[in-house]
Amino acid sequence: MSSPEVEKDIRALPLPDQVVAIEEAIEDALQGRSVKLFSETHMAATYALPKALGKGVRCRVTPDSAGPGWQIAFSPKNC
């Protein structure tokens with residue numbers, strides 16, 4: 001049984017704090033939890049992809065349908 005996806009809006013955070021939130025989301029995915037972050041910065045989205053790949057976590061970046069910015073979804077490889 002999988003746990004529900006967690007959603008976090010990190011748009012109001014400065015970029016260094018967004019990077020920390022991305023790293024925490026990757027760690028959550030390694031523990032079996034799916035996490036979706038919402039960011040307005042392209043840099044955060046660009047940072048997330050290779051970082052997740054290096055840790056063996058699935059990462060999907062898509063435009064945010066609710067407005068400007070990006071949805072960054074992390075999930076465990078076994079999902």
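Contact here means heavy atoms within 4.5 Å. The structure shown is a predicted model.

Figure 1. Ile-26 is part of helix α1, which covers residues 15-30. Setting aside neighbours within four places in sequence, Ile-26 has contacts with Lys-51, Ala-52, Lys-55, Val-57 and Phe-74. Buried residues are those under 20% relative accessible area; Ile-26 has 1% relative accessibility and therefore counts as buried.

**Figure 2. The pair Ile-26 and Lys-51.** These two residues are 25 residues apart along the chain, and their C-alpha atoms are separated by 8.3 Å. Lys-51 is one of the contacts of Ile-26. For the protein, among contacts between residues at least 6 apart in sequence, 63% join residues at least 24 apart.

**Figure 3. Secondary structure and dimensions of the fold.** The protein contains four strands and two helices, in the order β-α-β-α-β-β along the sequence. Its C-alpha trace spans about 35 × 25 × 20 Å along the principal axes. The radius of gyration is 11 Å, which agrees with a compact globule because 79 residues would give a value near 12 Å.

Terms used. Residues numbered from 1 in each chain as written. Predicted model: local features only at pLDDT ≥ 70, side-chain atom pairs only at ≥ 80, totals over all residues. Heavy atoms only, no water. Rg over C-alpha atoms; globule rule 2.2 N^0.38 Å. Buried < 20%, exposed > 50% of the residue type's maximum accessible area, 1.4 Å probe, protein only.
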